[in-house]
Structure formats: structure tokens, C-alpha cells
Amino acid sequence: MRTVEIELEHCMLRRWRAGDLASLVCHADNRSVSGNLRDRFPAPYTEQDGRAWIEQVAGEEPLYNFAIVVDGEAVGGVGLAPQPDVHRRSLEIGYWLGEPYWGRGIMTEAVAAVTGYALEAHDVCRIFAAVFDGNPASARVLEKAGYTFEGRLRRAVHKDGRMRDQLVYAYVVEDG
């Protein structure tokens, strides 16, 4: 298993570790966080959920999921999801950050770094993200990280008992 650590100005990106459990649960168990994520991100977020996540991704090869570490503490995550079949040269990027760390430029820096990592480490020509409407901060993260708005999928998401639009952003390598 190769070590990947990306030192950035505001944070470090690295593999998830067993020692991240308490911090993961502390920052993930927040409706302000989970309310803008897919339902597979549990709410409430329990110690059992955190343990299962860390066991799932800690040893993955190749590396697709990074812990966002600030002052030695895992406070969020950025992950890449390979796409199947004819979409095999595309990755979906997803991310979350503990609420106390919002507004500091951490997520923009992390998304840009993982995008660069993905382009170097994986045979991809497109990385995309889908943001729920009503989450302009997440859309702004993508724009600042070099992603382009591609379109709105109307009433594409059922979250918390209501239908929502989804905004699609992508980083595309034209000569890939």
C-alpha cells in the first residue's frame, strides 16, 4: 500500500486511518453536513458508521478517498468514484467538511488538489460533481477549483422528503 500525503496551505490530504474514528464521528454527525449529501452518508452518523467507513477505505488500492486533516485531526473527506462501462474515463468527486471549518478555503484547496491527483494517478478525462440546489457554497468551491457549470437536472434528487434540483459541474481534459 503506497503512502499518499498531499500537504496544502490549509490542510493535508491522506488515507483514512483507524485513529480518525472519533474525529470522523464528531464532524460527520451534523445535519448541516449530511443535509447536502446523499442518503448513503448516514444521519445521525454513529461510531459504527465511522468504523465501517474507515474499514472500507483505509487500505483501498488505488486510492480514491482522502481524509482532510487540519492540525492533526480528520475534519472532512474528499472522494472519487470511478464510473462504469462507457463512462470508465470519468470520476465523480464528492466532499464534505466539518462545519467549524467552513469558510476558510480548506475545501476549495482540497478539491483542487484531489482533482490534480486524479488526473495524474488515474486514466480519466472528466471529473464531475453534482450539487444540490440551495447549496451555493459547494457550487462556489467547484467553480474556484476550476470546474465548469454544465447544467441543472430538474427535480432529480429526493432528499429529506422533498424534490430538489441538482447542479452538475465538471473538470474536463480536452486532449485526453
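Helices (H or I, at least four residues) and strands (E, at least two) are DSSP runs, numbered from the N terminus.

## Basis

This is a predicted model, in which local features need pLDDT of at least 70 and side-chain atom pairs count only at pLDDT 80 or more, while totals for chains, interfaces and linings use all residues. Residues are numbered from 1 along each chain as its sequence is written, and side-chain values use heavy atoms, with hydrogens and water left out.

## Sheet

Eight strands make an open sheet of mixed pairing, ordered S1-S2-S3-S4-S5-S6-S8-S7; two strands pair if DSSP finds at least two bridges between them.

S1 and S2 (residues 12-14) are antiparallel, with three bridges. Glu-5 has Arg-14 of S2 as its bridge partner.

## Helices on the sheet

Helix H5 (residues 136-144) lies across S5, S6 and S8, at about 160° to S6. Axes are lines fitted to C-alpha atoms, for helices over the stretch in contact (heavy atoms within 4.5 Å), and angles run from 0 to 180 degrees between N-to-C directions.

## Largest pocket

A pocket is an open set of points on a 1 Å grid over the protein atoms alone, where a 1.4 Å probe fits, with protein on both sides within 12 Å along at least five of seven lines; lining residues have an atom within 4 Å of a point. The largest pocket is lined by 49 residues, with Leu-37, Gly-77, Gly-94, Tyr-95 and Trp-96 nearest its centre.

Elements that each supply at least two lining residues include H2 (31-34), H3 (47-57) and H5. S5 gives the largest share, six residues.
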